[in-house]
Amino acid sequence: MSIQLMHQIRDEVCELLQKLVCIDTTNPPGNEIFAAQFLEQELSKDNFECEIIEAKPARGSLITRLEGAGNGPSLLLLSHLDVVAANSAEWSVPPFEGIVKDDFVYGRGTLDMKGMTAIEVMTLKLLKRNGIKLKGDVLLAATADEENGGFNGVSWLLKHHHEKFMADYVLNEGGGASIPTRRGNVFTVNTAEKGVMWFKLKAYGKPGHGSMPNTAVNAIEPIICAVEKLCSYKPEIVYTPTVKVFLKKIAEKNPDLKEIFEELIMRPEKSMQILDYLAGKGEPLAEEIRPRIQLTLTPTMLLGGVKTNIIPSTCEVTFDCRILPGQTVEGTLSLIRGLLSDAGLSELKLEFLQLCNGTESSIETPLYKTITDVLCEFEPNCTVTPTLLCGGTDSKFYREQGSICYGFHPMYTEPPIDGKYVRREHGIDERISIDNLVFGTSILYETVKRFMT
């Protein structure tokens, strides 16, 4: 189906997204059940049988499938229904009304990730309407709780309903967007993501009057020392297979970067100086590369004290630590404890909030080749590259189960504002162009059809 023919579903996919945005699934509390019920109604129009499963009351996830002949792999189209909060006072339009303005659909979740939900639903409907004979099953899952770790969503579903939600291949969020270059677009496919170590450090002291510090033990002081020690740590530079290919593919489209990107890989110990040089020349990729080649330790919350003249007896700091594929939670835990011990801070209490290793899928698969072929046919001058995601998605749960997972929401980068590209995921005035909804449906439909037949 050509992109011109796809314009026939322009109004349908736009309206589907608008209605999804109008269902407020801010997490917490989520209330994804209402979005799942809406999708069930939409899919029933094409005679799909859906099941809605709740991990907890109102934390609903939907699953349905289009059955194949059983002589090919299974493919899951995965999305999540929950969204992050939006402050309506900061937006130019109400964030939960799905307003169309200047050929954009505005609203919380249009990019992350109800826009992809709409594209996936349309893809499944078109496969059935067009009578495509599939080799294996194509599943669609729209799930709860991704924005809070997936513990009432995919993580729970794979533990309790594994046979219903498991698939050989998974297409999810995290990639697909184009990077414009002077020699054409580079489309990304997310093949890897960093692992997560969220933890707290707590210190305990002895309270006293602020004017008599010698009579008390201030819990803030060891926390300050811990932050300084962990933030001053210089992590090892590591180039994962995904990042190496990414740098090579970008350099193919921008020869000015070829020599310097080769030097990054050949001389990893000089990476930060090289990236400082690139950043000074105004190259935006410098700051994109930095967190993708090293562990990061970022303090994000600090809590201590109750009154100006009271020395606090407790203080705590929360860290968001991200580790590369190949690095382990156990090894990083040993590193953190060693750093604290070196600073004489072994007495601090260490509490973990979330732990998971980084994950990476190979690009040497028939699905990755199909994605590349389809994109290059739609845009012959483009390049396709794998990418490493610094944040987290539900793909990690599937990779841990052995599935090949790609983040692939096909879309063109939206036009810059005042010469700068603006990231709107989780931001103010989140929006997606209707043209990108059509383009995304076109590419995803053709990819799934070709891969599964």
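Which residue in β14 is the bridge partner of V196? In this predicted model, local features require a pLDDT of at least 70 and side-chain atom pairs count only at pLDDT 80 or more, whereas totals for chains, interfaces and linings use all residues. Residues are numbered from 1 along each chain as its sequence is written, and side-chain values use heavy atoms, with hydrogens and water left out.

The bridge partner of V196 in β14 is R322. Helices (H or I, at least four residues) and strands (E, at least two) are DSSP runs numbered from the N terminus, and two strands pair if DSSP finds at least two bridges between them. Strand β10 (residues 195-204) and strand β14 (residues 314-323) are joined by 10 bridges in the antiparallel sense. Both strands belong to an open sheet of 4 strands, ordered β12-β14-β10-β15 and paired antiparallel. Because β12 (296-304) and β15 stand at the edges, each with a single partner strand, one side of each is left without a neighbour in the sheet. On average, neighbouring strands of this sheet are turned by 15 degrees against each other, direction ignored. Axes are lines fitted to C-alpha atoms, for helices over the stretch in contact, and angles run from 0 to 180 degrees between N-to-C directions.

Helix α7 (residues 220-231) lies across β10, β12 and β14 and runs at about 15 degrees to β14. Helix α12 (residues 329-342) packs on the sheet and touches β10, β12, β14 and β15, its direction making about 30 degrees with that of β10.

Within strand β15 lies Q354. With a relative accessibility of 9%, Q354 counts as buried, a class defined as under 20% relative accessible area, against over 50% for exposed and in between for partly exposed (1.4 Å probe, protein chains only). Apart from its neighbours within four places in sequence, Q354 is in contact with G149, F151, V196, M197 and W198. In the loop between β15 (349-356) and β16 (359-360) is G358, which is also buried, at 16% relative accessible area. When residues up to four places away in sequence are not counted, G358 touches E193, K194, G195, I323 and P325. Its C-alpha atom is separated by 7.5 Å from that of A192, 166 residues apart along the chain.

A further open sheet has 3 strands in the order β4-β5-β19, with antiparallel pairing. Here β4 (100-101) and β19 (431-433) are at the edges with a single partner strand each, so one side of each has no neighbour in the sheet. Strand β4 is joined to strand β5 (residues 104-106) by 2 bridges, and F104 in β5 is the bridge partner of K101. Helix α2 (residues 10-21) packs on this sheet, touching β4, β5 and β19, and its direction makes about 15 degrees with that of β5. Helix α15 (residues 434-452) likewise touches β4, β5 and β19, at about 70 degrees to the direction of β19.

Two packed helices are described by the angle between their axes and the distance between the axes. The axes of α2 and α15 come within 9 Å and cross at roughly 110 degrees. The two helices are therefore roughly perpendicular; angles under 35 degrees count as roughly parallel, over 145 as roughly antiparallel, 65 to 115 as roughly perpendicular and the rest as oblique. In this contact R10, V13, C14 and L17 of α2 meet I434, D435, L437, V438 and T441 of α15. The residues divide into 6 nonpolar, 1 polar and 2 charged, where Ala, Val, Leu, Ile, Met, Phe, Trp, Tyr, Cys and Pro count as nonpolar, Asp, Glu, Lys and Arg as charged, and the others, Gly among them, as polar.

Helix α2 also packs against helix α4 (residues 114-129), at an angle of about 135 degrees and with the axes 9 Å apart. These helices are therefore oblique to each other. The contact of α2 with α4 comprises 9 nonpolar, 2 polar and 4 charged residues. Located in α4, A118 is buried, with a relative accessible area of 0%. Residues up to four places away in sequence aside, A118 touches V13, L16, L17 and L20. A118 and T441 are 323 residues apart in sequence, yet 8.6 Å apart in space, C-alpha to C-alpha.

Terms used: Contact = heavy atoms within 4.5 Å.
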